Amino acid sequence: PFADVAEGDWYYEAVKYVYEEGVMEGISATEFAPGKETSRAMIVTILYRLEKKPEASTENAFTDIAKGDWYYEAVLWAAEKGIVKGVSESEFAPEDTLTREQLVTILYRYAKYKGYDVSVGEDTNILSYTDAQEVSEYAVEAMQWACGAEIVKGEAGKLMPGASATRAQLAAI
């Protein structure tokens, strides 16, 4: 239903799939915004929808999210399951742009939560990427897994850990 997603676009099938499965929605009834940067709230909500919106039984520890926010239940659930952490003990930063290293870290934690085999990362060397030293310490293990699992392939010999992920890229992943 999206005017900004055409059949010839590299992400067409991915967007069609996530939309039909109810995992991602458009930013309006007719716009998907494939080039728009993804927020921390968006990735958590996508994973929450994949899990069929389970209830969280934890209290809200974040001062920057409130009941009624479209991502509230998703953040509580993901934090409870150890899939996400805040940017501090009291802040989640839901509208902050999701970096590539944050994305793979969240996906890595999700894979572990699901009981998937993440051992491919143990044998994956990311030092061939010219910017491997820019990967934050907390994200190294996840980045190794993401590269080994071919979730992230890099571009022009770079991982670009601080770059943002677009909605089209997230749909494809």
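# Exercises on a predicted all-residue chain model

Of the 173 residues in the chain, 43% count as buried (buried means under 20% relative accessible area, exposed over 50%, and partly exposed in between, with a 1.4 Å probe and protein chains only). The model is predicted: local features need pLDDT of at least 70, side-chain atom pairs count only at pLDDT 80 or more, and totals for chains, interfaces and linings use all residues. Residues are numbered from 1 along each chain as its sequence is written, and side-chain values use heavy atoms, with hydrogens and water left out.

## Exercise 1. Overall fold

Determine how many helices and strands the chain has, and how its radius of gyration relates to the globule rule.

*Solution.* 

Step 1. The chain has six helices and zero strands, where helices (H or I, at least four residues) and strands (E, at least two) are DSSP runs numbered from the N terminus. The order along the sequence is α-α-α-α-α-α.

Step 2. The radius of gyration is 16 Å, close to the 16 Å given by the globule rule for 173 residues, so the chain is as compact as a globular protein of that length. The radius is taken over C-alpha atoms, and the rule is 2.2 Å times the number of residues to the power 0.38.

Step 3. The C-alpha trace spans about 45 × 45 × 25 Å along its principal axes.

Step 4. Among contacts (heavy atoms within 4.5 Å) with a separation of 6 or more, 73% join residues 24 or more positions apart.

## Exercise 2. Salt bridges

State how many salt bridges the chain has, and locate the partners of each.

*Solution.* 

Step 1. The criterion is a side-chain nitrogen of Lys or Arg within 4 Å of a carboxyl oxygen of Asp or Glu. By this rule there are three salt bridges.

Step 2. E25 pairs with R49, their closest N and O atoms being 3.7 Å apart. This pair links distant parts of the chain: E25 belongs to the loop between α1 (12-20) and α2 (40-50), R49 belongs to helix α2, and 24 residues separate them. E25 is partly exposed, at a relative accessible area of 47%.

Step 3. E51 and K114 form a salt bridge with an N to O distance of 2.9 Å. E51 counts as buried at 18% relative accessibility, whereas K114 is partly exposed at 33%.

Step 4. K81 and E80 meet in a salt bridge of 3.5 Å, N to O. Both partners are partly exposed: K81 has 35% relative accessibility and E80 has 28%.

## Exercise 3. A buried arginine

*Solution.* 

Step 1. R100 lies in helix α4.

Step 2. M160 has a positive phi of about 50° although it is not a glycine, and its relative accessible area of 26% makes it partly exposed.

## Exercise 4. Helix α5 and its end

Identify the buried residues of α5 and the residue with positive phi that follows the helix.

*Solution.* 

Step 1. In helix α5 (residues 140-148), the buried residues are A142, M143, W145, A146 and C147.

Step 2. The cover over these buried residues includes α4.

Step 3. E150 follows α5 and has a positive phi, near 60°. Most residues other than glycine have a negative phi.

## Exercise 5. The segment before α1

Find the residues that D4 contacts, and how far apart D4 and F32 are in space.

*Solution.* 

Step 1. D4 is placed in the segment before α1 and is partly exposed, with a relative accessible area of 24%.

Step 2. D4 and F32 are 28 residues apart in sequence, and 6.5 Å apart in space from C-alpha to C-alpha.

Step 3. Setting aside neighbours within four places in sequence, D4 contacts D9, Y11, T30, E31, F32, A33 and P34.
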